[in-house]
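Here are a few exercises to work through with the model open in your viewer. Try each task before you read its solution.

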Amino acid sequence: MLNKKSVDDINVNGKRVLVRCDFNVPLQDGKITDENRLVAALPTIKKLIADGGKVILCSHLGKPKGEPKPELSLAPVAARLTELLGQEVKFAADANVVGENAKAAVAAMNNGDVILLENTRYRAEETKNGEEFSKELASLCDVFVNDAFGTAHRAHCSNVGVTQYVDTAVVGYLMQKEIDFLGNAVNNPERPFVAILGGAKVSSKISVIENLLEKVDTLIIGGGMAYTFMAGLGEEVGVSLLEEDYKEYAVNMLKKAEEKGVKLLIPIDTVIADSFSNDANTKVVERGGILPGWEGLDIGPKTRELFADAIKGAKTVVWNGPMGAFEMPTFAEGTIAIAKAMADIDATTIIGGGDSAAAANQLGFGDKMTHISTGGGASLEFLEGKELPGVAAANDK
Ligand code: AMP
């Protein structure tokens, strides 16, 4: 369990509460195309309103690189939050984020009011955890709440710096839920515990593989990273994704798994293609049978069955990374099979954000999972066993 103070441990009546949320939502022509992150933030906001706080929300959105970019304004988020909450969320338009307009908006607040500040990354200091902007943010509030799991693996002004200049810094319900689910799954799992890793590169998930090998009963490796394992075993991988420098590492992981009695599964067949295109010519080949000049873009049907069988027997499953180039429907079958196998079992099923979360939601399996993390990078760092700076900065219980 998370040993940090939360919104349940404080009294915010009449106080100005700055809440760092993760409103980094996808926008198309000013419209929010996926509002999961807004919905996930509501429980904390509602609690603070009910307790009589003056609720000042802040977040980053995209990468404006330290200057105002109208297309990355949080104004559309304020409008949608107003609808979701059923009460006005006033937008404090301000190119400086904490400028005269924002200060005036805060000064005019009554208990239970909600305002949203402008995109924190309009300020260049934000991502550098600079002192000045941290102090400015702190000057707006009496209490700070961090509910932005998606940025918890970064030390920025609005989630870490600000905590140095406020007396009370606690976590919100979403942060607490994320850490509890991921933490329990990894550190106190009901067994058998199966982890599935996919995605493009071994190099980006080295520490995750190492940490999970200490914890799981079965580790499944699919996606582009599997070819580095195959190449390490001396097999032909054609022009599949390959990280030459990590072949030896991959073989060492296979050995380590064997020593530890962890089952490490890699694909036994592969869907190969003659080009990186949804309309490419494709073939299914057995392990070792990838043709020169062809590339593996998905796990094959026998592998889908092998992986689904391993998932079937599990009591805890954690998944991060697609099994193939799933954005192209021709190569989405492996990723669909994993989502479906997880949806079908009676177990704790957790998706660690990013592409696999998007895939599960798009495929309609989202509500069948125990927990889908709102943070891709943050959940990966958590699975690496690292302490997240955004969480560490909150007051201990
Ligand atoms: P990551 O960000 O490392 O989780 O990688 C996700 C990306 O890996 C997705 O865009 C997938 O299309 C891509 N990917 C997964 N498997 C393959 C593969 N076999 N070949 C090429 N790209 C892949």
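**Exercise 1. Threonine 44**

In which helix is the place of threonine 44?

Solution. First, two notes on conventions. Residues are numbered from 1 along each chain as its sequence is written. The model is predicted, so local features need pLDDT of at least 70 and side-chain atom pairs count only at pLDDT 80 or more, while totals for chains, interfaces and linings use all residues; side-chain values use heavy atoms, with hydrogens and water left out.

Step 1: Threonine 44 sits in helix 1 (residues 36–50). Helices here are DSSP runs of H or I with at least four residues, strands are runs of E with at least two, and both are numbered from the N terminus.

Step 2: Threonine 44 counts as buried, at 1% relative accessibility. Buried means under 20% relative accessible area, exposed means over 50%, and partly exposed is in between (1.4 Å probe, protein chains only).

Step 3: Skip the neighbours within four places in sequence, and threonine 44 is in contact with Val7, Val19, Val145, Asp147, Gly172, Tyr173 and Leu174. Contact means heavy atoms within 4.5 Å.

**Exercise 2. Cysteines**

How many disulfides does a search of the whole structure find?

Solution. Step 1: A disulfide is a covalent bond between the sulfur atoms of two cysteines. The cut-off for the sulfur pair is within 2.5 Å.

Step 2: Searching the whole structure gives 0 disulfides. For cysteine 21, the nearest cysteine sulfur belongs to cysteine 58 and is 7.1 Å away. For cysteine 157, the nearest one is again that of cysteine 58, at 11 Å.

Step 3: Check burial too. Cysteine 21 is buried, with a relative accessible area of 1%, and cysteine 157 is buried at 0%.

**Exercise 3. An open sheet**

In what order do the 6 strands of the open sheet come, and is the pairing parallel or antiparallel?

Solution. Step 1: Strands of a sheet pair through backbone hydrogen bonds, either parallel or antiparallel. Two strands count as paired if DSSP finds at least two bridges between them.

Step 2: The order is 11-10-9-15-16-17, with parallel pairing. Strand 11 (263–265) and strand 17 (371–372) are at the edges with a single partner strand each, so one side of each has no neighbour in the sheet.

Step 3: Zoom in on one pair. Strand 9 (residues 193–197) and strand 10 (residues 218–221) share 4 bridges in the parallel sense. Isoleucine 196 has isoleucine 220 of strand 10 as its bridge partner.

Step 4: Now for an antiparallel case. Strand 12 (residues 269–273) is joined to strand 14 by 4 bridges, and the two run antiparallel. Threonine 270 has its bridge partner in strand 14, isoleucine 299. Strand 14 (residues 295–299) is mostly covered, with 5 of its 5 residues buried.

**Exercise 4. Two domains**

Which salt bridge partner does arginine 154 have, and what area is buried between domain 1 and domain 2?

Solution. Step 1: The chain is assigned domain 1 (7–177) and domain 2 (189–383), with bounds from an automatic or database domain assignment. Their centres, taken over C-alpha atoms, are 36 Å apart. Domain 1 puts 10 residues into the contact and domain 2 puts in 9 residues.

Step 2: The buried area is about 730 Å², and carbon and sulfur atoms give 60% of that. Buried area is the accessible area (1.4 Å probe) that two parts lose on being put together, summed over both.

Step 3: The rule finds 1 salt bridge across the interface; it asks for a side-chain nitrogen of Lys or Arg within 4 Å of a carboxyl oxygen of Asp or Glu. Arginine 154 forms a salt bridge with glutamate 381, with the closest N and O atoms 3.9 Å apart.

Step 4: Glutamate 381 is in helix 12 (residues 376–383) and is buried at 16% relative accessibility. Leaving out residues up to four places away in sequence, glutamate 381 touches His153, Arg154, Lys386 and Leu388.

**Exercise 5. Valine 186**

Is valine 186 buried or exposed?

Solution. Step 1: Valine 186 is in helix 5 (residues 173–187) and is buried at 4% relative accessibility.

Step 2: Valine 186 and leucine 383 are 197 residues apart along the chain, yet their C-alpha atoms are separated by 7.3 Å. Beyond four places in sequence, valine 186 touches Phe193, Lys215 and Leu383.
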